[in-house]
Amino acid sequence: MEQRLVELQQEALEGIKKATDLKEINDIRVSYLGKKGPITEVLKGMGKLSAEERPKMGALANEVRDVIAKAIEEKQAVMEEEEVAKKLASETIDVTLPGRPVKTGNHHPLTRIIEEIEDLFIGMGYTIAEGPEVESDYYNFEALNLPKGHPARDMQDSFYITEEILLRTHTSPMQARTMEKKEGKGPIRIICPGKVYRRDNDDATHSHQFMQIEGLVVGENIQMSDLKGTLDVFAKKMFGEDREIRLRPSFFPFTEPSVEMDISCKICNGKGCSVCKGTGWIEILGAGMVHPNVLEMAGYDSKKYTGFAFGMGPERIAMLKYGVDDIRHYYTNDVRFLKQFSIHE
Amino acid sequence: MFVSYKWLQEYVDLSGITAPELADKITKSGIEVEGVEILNEGMKGLVVGHVLEREQHPNADKLNKCLVDVGEGEPVQIICGAPNVDKGQHVIVAKVGAVLPGNFKIKKAKLRGEESNGMICSLQELGVESKLVAKEFSEGIFVFPNEVTVGDDALELLSRDDQILELGLTPNRADCLSMLGVAYEVAAILGKEVKLPKPEVSAINESASDYISVTVDAPEDNPLYVAKVIKNVKVGPSPLWMQTRLMAAGVRPHNNVVDITNYILMEYGQPLHAFDYDRLGSKEIVVRRAQQGETITTLDDAKRTLTTEHLVITNGKEPVALAGVMGGANSEVETGTTTVLLESAYFVGAPIRKASKDHGLRSEASARYEKGVDPNRVRAAAERAAELLALYANGEVLEGSVEADALKVEPAVVSITLDKINGVLGTEISMDEVQNIFARLQFVTKVEGNEITVTVPTRRGDITIEEDLVEEVGRIYGYDYIPKTLPKGASTPGKLSDYQKKRRIVRRYLESAGLFQAVTYSLTNETKATQFALDKREPVKLAMPMSEDRSVLRLSILPQLLEVVKYNSARQNDSIALYETGAVFLSTEQDKLPEEKEHLAAAITGLWQQHPWQGEKKAVDYYVLKGVLEGLLARLGLTGRVEFRQATVDGMHPGRTANLHLDNEKIGFVGQIHPNVQKELDLKETYVFELSLKALLEAEIAPLQYESIPRYPSITRDIALVVNKEVVAGQLSDIITKAGGNLLREVSVFDLYEGDRLEEGKKSIAFSLRYFDPEKTLTDEEVTKAHEKVLDAVKEQAGAVLRG
């Protein structure tokens, strides 16, 4: 009997080993371990054994049963794993085929520049002031120290609607409007972005409509060194930490002293190249200390308050930053152009 | 202003400083030098030649065969095509081996069988602009006017070994519209002296006042008029050095008299005018405002009709010059002129500006008067001109000048404290340094304690207030030495307004939904201006547009956006999705600013989605764009407050357009462009919307409040309703929502059927209704009760029958 059990175990294990699919394994289980299986058969003959041998034989039978069951289980696990692997292998896809495109658009490059500048200055305590694109002669010129007949009005030939109303030629009217609103009291820090208009024929470098961003800071003891420091922060943020700035004297009727800011040319690093026309510097913006007449006209006491203002063209900044070579691209809106500004460095 | 580096050295010592170095210093301390031009760049081998013989080329009508002495070896044969070449002339010869601009190398050549050993040159061939070449040489070669030595360097004789600094002058620096002004500036920068010309005139024993009287009837326009008389003048070419300096300054040489007045204009910045005394027609000069309708024929032979806003110089009867702008043809200096009446005057800017603008005449003179000349140079300039007329035009200067003088010249006196200077600049400059800076500028100063009082020379009319002095100190001190600081003191919170924040959200949302932002022009033509306008008012018109296409302000964005769609479609971009935000302009009362409203517009065409290898393609349609819009409304918390009502809008498809109503107020529309318009604009099926962004962003919404996550299950009931075709889904869902009461939380359409299985004129719309009670698990009875109310309502109000 004992031998029969050992043989059965041997037989079953061999069967398990040879089995190639789950069905065969299942058959083996049923045939060996089932109620009508050979082990049960063997155990039926236990009655013939002595009382001493009976438990011994019982234990052996159980052991054989366990060994077989365990072998089945192990084999089954292996097979299931293989089965899964086979199924997964059959599910293989070409991972290099293109994905389902997610349709997205993006900011116009000018909006991108403007928002970047807005955010930089918001971080420094500025708010964003917006105003009308059609302005009165007063806010566009007179309040900015450009009385009628002033020669500097020539610098920006304008689109008039009536004698007193015109398309604003710069965003500077917001300086006067903002100061007036404050009624001569308290500090001001604003950034004014917006569209402006001048009588220019559209070509690669001119546009009758373009954008401008203006900044204005008014307070007690605002100094030109503050302007320089602020512009330095701006230039480094927009054009890179390794850029240097320089201020050059210039003239604007609404600031005194007036300056123009250049940054060191990033192409040649200040050595001089064709981009900077050999000077090593690239002109970025105009700025200056707010003219006392402008402060006074808007109700600020120029003895107590000083301020600085700066103004720049997002078109030009985008041209310098991204190498755009024709201002008309901004207003033609060729999708092949617009698309290029989806990347964020 | 073009400044000759060589000429400038007459007034300031520039030893040890090159033209580019000087340019850099000038730029850094005040005036932008826009370029430095090297006149003889890339040229060599040009000498003075003497034409010994000239004869007709045997084989060519238009060519000359010349024998030219070039100062070395045997005379050479040169073939020359210039009509004005002749025997005896001293000319510019480019020898064999010479190089002309553009790397043009002169080689030995054979022209129609005749040998040519070099080239006789025109000034244009040396790189001189045609408009600067004296008329007599403009069609041919240049001929030296005076004695020159054969074989000498022609470029040097013509001062082409010079460099020209091009100054980009701002309107305040009119003082640098003269060589003397530039000399003062350069001297201040370099810390050097200015050497002024000292005119020496020996007058003859006749008095100018016997020849002319001067009366100024408009002293407020013309505070000072100085006249001098020069006799026995011989009109001819001016000396070469003067001609080359004028060309360097951008002025074309004419004859000695005109050249001298122009030379003084460039040297002193004081415009002068020379009249032919004998053609003046009287012995008096009367300066007055023109009479309305009076005419004058100016030097350019144009007859000009004047108004009382123009100032004229008259002979007592009729105008002989448009003051400060241009002389009259009737008294012009000609070849035969012998007596010259020289005018040096101080005119006020306004009438000159007016005349120059009205007649489209901008002369070197008017440009200077408009910006203001130095009143203290009027007499000096006249003396200097008289000196030069004596020297170079054989003139005899009459004793004295005749003047009308109502001028009060008071130099500006401005005081400022050292604290103010340093306070504005953010520097720590000492009083000594400040004094030194003003000394370099040749401003007279007086220091009392902390205060410095500056007397500003009249040549610097731009300096009138403290801040102007701060600028002078700052720029000469050097802005490079100003420290970098950040504003101190009271600060302000930096933030976007709610409106600005929401506008950014709108942009980002639309871009995430697949639309590109466009920016188009506000100016358009009259037809487009009102197309698709939400508020069709008369467009705001420019008084003087540059073109018809940019003559009025837009009332809607769509026409421009459709242009962009068209532009892109024509360039193989078939699937386009764009949006724009921007102002439209609504006229109000005359003489009031128009109302500006921010609009949002979008246009889509072509495929909305595609994934070709999986066979997916979805073309744009009304519901695509409506979906985008609904998503936007949801983002702005306006779901449920905006209604889409079937509508007729000009230019839009009558069956596929809806007006948008926010809280019952119309704010825009969405739909398909009318097929006729599509065809007109060459567009494919295009869907658009335009609405008032202002209305969307300014609509007040309840603050965001958390709502607890449902703890109880909801119950969904689906119903299919058969209704007449005219009944719209929105109407049904409104009825359902109202009838469903509190428990009905969501109503959505999940099917639409129109077809054979229904009666003619009917359609079936299926809704899914979700009932839910946040307080407890709903019972079937409660839902049934609510649901029956819904069914009753749709039956009663829309004739809807449950589809069996």
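I start with B:Glu185 and B:Arg475, which form a salt bridge with the closest N and O atoms 2.6 Å apart. A salt bridge here is a side-chain nitrogen of Lys or Arg within 4 Å of a carboxyl oxygen of Asp or Glu.

Some housekeeping before the rest. This is a predicted model, in which local features need pLDDT of at least 70 and side-chain atom pairs count only at pLDDT 80 or more, while totals for chains, interfaces and linings use all residues. Residues are numbered from 1 along each chain as its sequence is written, chains are lettered from A and ligands numbered from 1 in the order in which they are written, and side-chain values use heavy atoms, with hydrogens and water left out.

Next, the domains. Chain B is assigned domain 1 (2–39 + 163–190), domain 2 (44–157), domain 3 (204–405), domain 4 (412–481), domain 5 (498–698) and domain 6 (715–802); the bounds come from an automatic or database domain assignment.

Take domains 1 and 4 of chain B. Their centres, taken over C-alpha atoms, are 22 Å apart. The contact, meaning heavy atoms within 4.5 Å, involves 11 residues of domain 1 of chain B and 8 residues of domain 4 of chain B. About 950 Å² is buried between these two domains, and carbon and sulfur atoms give 46% of that. Buried area is the accessible area (1.4 Å probe) that two parts lose on being put together, summed over both.

How many salt bridges are there between domain 1 of chain B and domain 4 of chain B? The count is 3. On the domain 1 side of this contact in chain B, α2 (19–29) and α4 (179–190) each supply at least two residues. The largest share, 5 residues, comes from α4(B). Helices (H or I, at least four residues) and strands (E, at least two) are DSSP runs, numbered from the N terminus.

Now the contact between the chains. Here 93 residues of chain B meet 91 residues of chain A. The two chains bury about 7700 Å² between them, 56% of it on carbon and sulfur atoms. There are 10 salt bridges across this interface. B:Arg504 and A:Glu115 meet in a salt bridge at 3.7 Å, N to O. The elements that give two or more residues to the chain B side include α2, α13 (498–512) and β31 (576–586) of chain B. Which element gives the most to that side? That is β31(B), with 8 residues.

B:Glu343 lies in strand β22 (residues 340–346) of chain B. Is B:Glu343 buried or exposed? Its relative accessibility is 6%, so B:Glu343 counts as buried, the cut-offs being under 20% relative accessible area for buried, over 50% for exposed and partly exposed in between (1.4 Å probe, protein chains only). Leaving aside neighbours within four places in sequence, its contacts include B:Tyr225, B:Pro271 and B:Ile313. With B:Tyr225, the B:Glu343 side chain makes a polar contact of 2.7 Å. A polar contact is a pair of N or O atoms within 3.5 Å; within protein, one must be able to donate a hydrogen and the other to accept it, and residues adjacent in sequence count only if both atoms are side-chain atoms.

Last, B:Leu743 is found in the loop between α19 (729–740) and β40 (744–753) of chain B. Not counting residues up to four places away in sequence, B:Leu743 touches B:Arg770, B:Tyr771, B:Phe772, B:Asp773, B:Leu778 and B:Glu782.
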